[in-house]
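Here are my notes for a first look at this model. Please read them with the structure open beside you.

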Amino acid sequence: MDVKGGVFVISAPSGTGKSTLIRRLLNELDRLVFSVSFTTRRPRKGEVDGRDYFFIDDAAFDKMQAENGFVEWVHIYKHRYGTGRAWLQDQTDHGHDVLLDLETVGAMRVKEMFPEATLIFLTPPSAKALADRLRGRRKDTEEQILIRLQHAKHEMEHWDSYDHIILNDDLEAAYINLKSVFVCARTSRERMEHIARAALDTFGSFPNPALFALGKYKLSQLKN
Ligand code: ADP
Ligand code: 5GP
């Protein structure tokens, strides 16, 4: 029996540590794949087409939209971002868990489309810690950091729409909590039903204990 993989969405204000945690998770967990979004924004230094995003132009984005090619899409800072539908469907159909890195509006849309999706919100311990991390990353000016903090506040306000909230204060602890969400989901009744049933089936022909007493049945006759 084929068991479908799950859809997992992770959101966090920029600078919280989402990429750091996702990178490690993808390295350590098998059958977990990352959903590479489509975007009309230009690649930043170091970003690779097909790995970080599929960088497409407005016309290509319009075409995908018209063909219902997105599970969800949003407009942020003059650019559009969207989650491709076909690949996501194919991966879950093949039993892979799919991880989506989305801002909060997209996360809510995914939950509407896939009510069984697991939504994870990663939070920094404080605005100051977030500012320090953004500074440490050396990608933004002080003014850009202020804008990011203001945006972070809006994102943080959505925390209560998520299934799991993970505090990224101690990085190791945050990672263990994040990984646990996936491990736990993989042992859900729905996901394990075929395993439990198969194990139970092996008991199907288990004989009446009275046959043991008569020497007509031995435990060595049990099959795997
Ligand atoms: P995001 O993907 O959420 O924007 P990054 O993964 O790029 O964030 O992390 C932002 C910065 O914060 C990086 O320099 C990273 O090493 C650092 N960082 C991540 N988690 C922690 C943590 N728990 N404590 C301190 N610094 C952290
Ligand atoms: P950035 O431009 O910094 O890579 O991403 C900006 C924001 O867009 C991040 O919060 C990221 O999570 C979000 N994002 C990336 N891809 C998608 C997508 O396909 N859909 C939605 N809704 N958000 C996305």
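1. Start at ligand 1. It has 13 residues around it, and the nearest are Gly15, Ser19, Thr20, Arg137 and Asp169. A residue counts as near if one of its heavy atoms lies within 4 Å. The model is predicted: local features need pLDDT of at least 70, side-chain atom pairs count only at pLDDT 80 or more, and totals for chains, interfaces and linings use all residues. Residues are numbered from 1 along each chain as written, chains are lettered from A and ligands numbered from 1 in written order, and side-chain values use heavy atoms, without hydrogens and water.

2. Look next at the polar contacts of ligand 1 (pairs of N or O atoms within 3.5 Å). A polar backbone atom of Lys18 lies 2.8 Å from an oxygen atom of ligand 1. For a polar backbone atom of Thr16, the distance to a ligand 1 oxygen is 3.2 Å. Arg133 uses its side chain: a polar atom there is 3.4 Å from a nitrogen atom of ligand 1. On its own, ligand 1 has 570 Å² of accessible area, and the protein covers 73% of that. These areas come from the Shrake-Rupley method with a 1.4 Å probe.

3. Which helices each supply at least two residues of the shell around ligand 1? They are H1 (18-28) and H5 (127-137). H1 gives the largest share, three residues. Helices here are DSSP runs (H or I) of at least four residues, and strands are E runs of at least two. By class, the shell of ligand 1 holds seven polar, four charged and two nonpolar residues. Asp, Glu, Lys and Arg count as charged; Gly is among the polar ones.

4. Turn to ligand 2. Its surroundings comprise 15 residues, with Ser37, Tyr53, Glu72, Tyr81 and Glu103 the closest. A polar side-chain atom of Tyr81 is 2.5 Å from a ligand 2 oxygen. The side chain of Asp101 has an N or O atom 2.7 Å from an oxygen of ligand 2. For the side chain of Lys18, the corresponding distance is 3.3 Å. Ligand 2 alone exposes 510 Å², of which the protein buries 86%.

5. Strands E5 (70-76) and E6 (79-84) are the elements that give two or more residues to the shell around ligand 2. That shell has six charged, five nonpolar and four polar residues.

6. Check the aromatic pairs too (ring centres within 6.5 Å). The whole structure has eight. Phe61 and Trp73 form an edge-to-face pair, because their planes stand at 75 degrees, with centres 6.2 Å apart; edge-to-face means over 60 degrees. This pair links distant parts of the chain: Phe61 is in helix H2 (residues 58-66) and Trp73 in strand E5, 12 residues apart.

Note on methods: Polar contact = N/O pair within 3.5 Å; in protein donor to acceptor, adjacent residues only side chain to side chain. Phe/Tyr/Trp six-rings, centres within 6.5 Å; stacked < 30°, edge-to-face > 60°.
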